[in-house]
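Let's take a walk through this one together.

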Amino acid sequence: MKFGNIAKASAVAVVAALALSACAGGGGTPAPTSDGQRGGTLTIGALADVTSWDPAQAHVGHALQPYQAPYDTLILREPDGTLSPMLATEWSYNEDRTQLTIDLRTDVTFSDGEVFNADAVQANFDHFKAANGRQAAQLAAYESTEVVDEDTVVVTLATPDPAFEYYLSQAAGLMGSPAALDTEGISTAPVGSGPYEMDTQGSVTGSQYTFTAREDYWNPELQKFDKIVFKVLTDPTARLNALVSGQVDATLLDARAIAQAEGAGKTLTAYQTDWAGLLLMDRDGAQVPALADVRVRQAINHALDRDALLETLALDQGTTTGQVFGPDSGAFVEEIDDLYPYDPDKARELLEDAGFGDGFEFSVPTVPGFETILAVVGQQLADVGITMTPQSIPPQNLVSDLGAGKFPATFFFLFQGEPWVAINQMISTSALYNPFDSTTPELQELIDAVQYGGDESAELAKEVNRYVTENAWFAPVYRPDQIFFTDGKKITVEPQIQQAVPSIYNFSPIQ
């Protein structure tokens with residue numbers, strides 16, 4: 001049974017992600033910040049509560065954004081995905097990429113007055129590893145940290161991890177005060193070196209979290225606001241109402257909200273982070289013998305009218321796709337994106353050739369909000385003789401049931417991230433969304449090449465992409481647009497590549 005931590009954010013937000021879609025927009029001029037000038041309050045409508053402010057319990061996607069207020073990361077991920085210095089000034093690998101030497105800033109303190117140094121980095125890595133939090137897999141390869149001097153550490157990995165530098169810009173890179181780690185207090189009051197510190201008087205657990213700019217912060221250029229407020233609004237209608245009424249300046253909505261939000265004069269920004277479609281997980285036929293035949297899985301792909309599904313399910317806000325690696329990942333292969341055009345006759349022919357001309361049945365889990373999706377997709381499959389039967393389960397059981405291999409397939413929304421992240425999310429034998437441990441010697445060789453490929457890892461991942469696409473491991477349908485709205489009269493924002501919502505550094509006040 002698998003309960004891996006990579007991409008669990010998809011399960012937490014999966015119902016809210018049913019129609020994450022958007023169009024381009026923007027306007028205004030960002031306020032200058034080179035002299036430390038700040039402007040007013042930024043209020044963000046957050047999709048979910050923060051269950052713990054311990055950096056070792058931090059999440060990814062939209063759930064990472066609140067942690068960026070009180071915590072810095074070792075590496076800063078720019079809006080276009082470029083990795084830049086933050087608390088780390090330089091970093092480099094040894095020849096076999098199992099040791100990463102990191103040089104650190106020497107002018108940083110935590111909000112409790114503690115000094116940031118090499119000992120603090122070691123303490124944070126060890127704490128993150130021991131805590132086994134929601135993103136524990138980000139340090140799966142981590143073995144130890146050696147403190148060389150006050151501003152230098154050497155991190156040793158058990159095996160090369162092509163995504164390790166990326167992880168240091170994410171949850172694993174958040175740095176908390178060593179004096180606060182392992183204390184009960186840090187779960188309710190974060191203690192970091194970040195640009196803002198929590199105003200506990202202005203914060204109410206489960207409702208609102210207020211952060212004020214630190215006057216002694218080492219990089220005032222990142223402090224573009226005097227105050228950042230996160231209002232917890234789990235219901236999309238509540239987020240829409242809060243945006244329209246001016247209670248929040250920015251939030252993530254769905255396609256059904258576009259007309260009303262635009263009618264209220266709000267600004268829409270477009271970007272894509274996920275793919276939506278079927279994970280055909282039982283590739284050895286343990287539960288559904290038909291799925292062991294590649295021709296059957298290819299038939300499923302040919303049975304899907306992706307254009308119609310995009311229009312019906314996402315109001316045409318997105319892009320159809322036939323592969324699970326995104327255009328920004330480095331592993332995207334343009335010529336295979338149309339490998340399975342909509343062709344019901346071809347689907348029936350493949351089923352006949354595979355010995356399933358009379359059709360077959362398989363079950364998928366359903367949770368509230370998935371009913372329409374599964375009905376529409378199910379009808380298209382039924383048109384070629386395949387019966388897809390939804391089975392209702394409690395939403396909180398979705399990820400654990402999938403990881404336990406209780407279903408042969410599922411319709412899902414999954415993050416299109418860096419190649420190594422994606423591989424360990426849904427393709428490798430350790431992946432949460434490969435519960436039946438599907439593999440072949442050929443595929444494992446391709447995966448090994450990515451792991452040990454160094455700077456060529458993303459390019460080598462294209463071959464993994466080709467393999468799983470040609471062998472129809474999945475039946476992708478579309479990449480939904482993210483619908484991120486802002487009050488364009490107050491703020492401007494730049495999307496964050498491969499992230500559900502923009503980082504807090506990407507917002508600027510308009511003056």
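Predicted model: local features only at pLDDT ≥ 70, side-chain atom pairs only at ≥ 80, totals over all residues.

Start with helix α12, which covers residues 441–451, and helix α13, which covers residues 457–470. Their axes sit 8 Å apart, and the two helices pack at an angle of about 160 degrees. Angles over 145 degrees count as roughly antiparallel, so that is how α12 runs relative to α13. The crossing of α12 past α13 is left-handed.

Now zoom in on the side that touches. From α12, the contact uses Glu442, Leu443, Leu446, Ile447, Ala449 and Val450. Facing them from α13 are Ser457, Leu460, Ala461, Glu463, Val464, Tyr467 and Val468. Sort the residues of this contact by type and you get 10 nonpolar, one polar and two charged.

What lines the second largest cavity? Its lining is made up of Gln68, Thr73, Leu76, Arg77, Ser169, Gln170, Gln496, Gln499, Ser503 and Tyr505. By type, that lining splits into seven polar residues, two nonpolar and one charged.

Last stop: Gly318, which is part of strand β14 (residues 318–320). Leaving out residues up to four places away in sequence, Gly318 touches Gln272, Leu310, Arg479, Pro480 and Asp481. Tyr271 is worth a click too: 47 residues separate Tyr271 from Gly318 in sequence, while their C-alpha atoms are 9.0 Å apart in space.

Key. Residues numbered from 1 in each chain as written. Heavy atoms only, no water. Axes fitted to C-alpha atoms, helices over the stretch in contact; angles between N-to-C directions. Helix = DSSP H or I, 4+ residues; strand = E, 2+ residues; numbered from the N terminus. Parallel < 35°, antiparallel > 145°, perpendicular 65-115°, else oblique. Left-handed = near helix turned anticlockwise from the far one by under 90°. Contact = heavy atoms within 4.5 Å. Nonpolar A, V, L, I, M, F, W, Y, C, P; charged D, E, K, R; others polar. 1 Å grid on protein atoms, 1.4 Å probe; cavity = no way out; pocket = protein on both sides within 12 Å on 5 of 7 lines; lining within 4 Å.
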